[in-house]
Amino acid sequence: MKRLSLALAAVLVCLAGACHYLLPERFAVNAPVAHMLFGVGSDGPEESQFGGRIQPAAGFSIDIYATEIPNARWLRPLSSGGLLVSQPRSGRVLLLEPDRDGDGQPDGRRALLEGLDLPHGMDLHDDWLYVAEADGIGRVLFDEASGQLRGAYTRIVNDLPSGGNHSSRTIRFGPDGWMYVSVGSSCNVCEDGPRRAALLRFHPDGSGEEVFATGLRNAVGFDWRPETGELYATDNGRDLLGDDFPPCELNHVVRGGFYGWPYANGDRVPDPDFGAANLDRVAESISPAHGFGAHSAPLGITFVRSAAAPAAYRGAALVALHGSWNRTEKVGYKIVSLHWSADGQIEERDFVAGFELAGDVVGRPVDVVEGADGAFYVSDDYAGAIYRVAPGGASTTAPPASLPRSARSSSSRAQLPTDGEDALSQRGSLLYERFECAGCHEAAAAGPGVTFAPLRDLASRYSVESLAEWLAAPTPPMPAFPMNAQERRDLAVFLLDRS
């Protein structure tokens, strides 16, 4: 059976590769396919990649907090310093004990709840731990300080819509004391039931169900902005409309609001399948508060509340971009921060980047939460890991030794952000390997009879921009490799680093 599963996975990966290269852009499949279909991930990023390939924003460090947690999805921090982690494929809620000895890892771990139906979201309210399963909500009395259950787990909602696409259910208690539950659509695009593609809410005992907002295709993450009490939710746009449409969304969610799906995409653009016959619904839809990159898959969101956070991040929101699959070139695979200006405009910045470089994926962020210690914890269901991002400067881990840094002219680096140049160079390194550049530029790799052209003193002749332009139309016999503008820039940074 194991051999059959591996053979099937190999066939599907080959089919996905064929789709990527042979089918039109809208049908592109470019993602870790085994992970998408079977939850099979990777060993995750290496320690040496933190602070090098994987870069946090200036003023933060990032380290691995816990590993060997397959399908680590949603997080719930505890006031004790512990952390709850849902593992839907295992039917389990895991408790990571607080790090009381200060070694940067939890002091222990144990299964808190098992045998559940795809448990995903969790929240605490009035001494109860609530868990959102695929088709219902359960709760159990729970002591945060000791991490012990105080009774039996009991279902209080048993009839949430299940089956089809988007089985993850997320639960959070709002400032109003209501229990909010997101239920994604059953399909990519269709006219679905009234309780799907919706945000529902209940009284804490599971009674009084209300459809709070609709037209939210898959609003996996949501949180309330501390300054205003406004509710914001991430939402995943539909697939199969090309690389760059529709955008994924951040929505300002209000009671009774309709957010477009399946009739409108993005800023009230009629859907090609359902829009033309429903222009009245398109017109009444509420446009996104912010658009993420198409297919980037925003999931977890948390507003920064800690006074220990740098001033520039207080009140900002952190969002986990799980990463694209229906796109010819991968996007997402990182954590971003959203910053509100005085006039309500939202600016998006990278917060932790590098889980994807030049098509190579080592991690897929799912959720991001703020711990009791003021650090941020990030789950990764691809690597089966939890990361800790803390205020306080550079990471304690050194950059990879494989990235030599030579002296170069200031003009070649002036246009690069200091915090990102190692990540750009690492992406360029992967491109250098992909196109087998060493065969023409390194004596050890050159084949018999090949005259290699060593890369020397490039920094004295090129800036990043001028070398990237040259790579777009190089002098023969060097071929023009199929790269976009960002990839040419990445390769230029790498070449300048090593020359």
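Which side chain meets that of Asp 239 in a salt bridge? The partner is Arg 217, at 3.6 Å from N to O; a salt bridge here is a side-chain nitrogen of Lys or Arg within 4 Å of a carboxyl oxygen of Asp or Glu.

## Basis of the report

This is a predicted model, in which local features need pLDDT of at least 70 and side-chain atom pairs count only at pLDDT 80 or more, while totals for chains, interfaces and linings use all residues. Residues are numbered from 1 along each chain as its sequence is written, and side-chain values use heavy atoms, with hydrogens and water left out.

## Salt bridges

The whole structure holds 25 salt bridges. Strands are DSSP runs (E, at least two residues), numbered from the N terminus. Both Asp 239 and Arg 217 are buried (buried means under 20% relative accessible area, exposed over 50%, partly exposed in between, with a 1.4 Å probe and protein chains only).

Arg 92 forms a salt bridge with Glu 114, with 4.0 Å between the closest N and O atoms. Arg 92 is partly exposed at 23%, whereas Glu 114 is exposed at 56%. A network of salt bridges links Asp 176, Arg 201, Glu 210 and Arg 255.

Three bridges join β3 to β4 (residues 83–87), and Arg 76 has Leu 84 as its bridge partner in β4.

Another open sheet of four strands runs β12-β13-β14-β15, also with antiparallel pairing. Here β12 (169–173) and β15 (210–214) are the edge strands. Five bridges pair β13 (residues 179–183) with β14 (residues 198–202). Tyr 180 stands opposite Arg 201 in β14, and Arg 201 also belongs to the salt-bridge network.

## The cavity

There is one cavity of 30 Å³ or more, and the largest cavity holds about 70 Å³. On a 1 Å grid over the protein atoms alone, a cavity is a set of points where a 1.4 Å probe fits but cannot get out, and lining residues have an atom within 4 Å of a point. Grid points are joined across faces, edges and corners, and the volume is the space filled by probe spheres set on them.

Its lining includes Arg 217, Asp 235, Arg 238, Glu 249 and Trp 261.

Note on methods:
Pairing = 2+ DSSP bridges. 1 Å grid on protein atoms, 1.4 Å probe; cavity = no way out; pocket = protein on both sides within 12 Å on 5 of 7 lines; lining within 4 Å.
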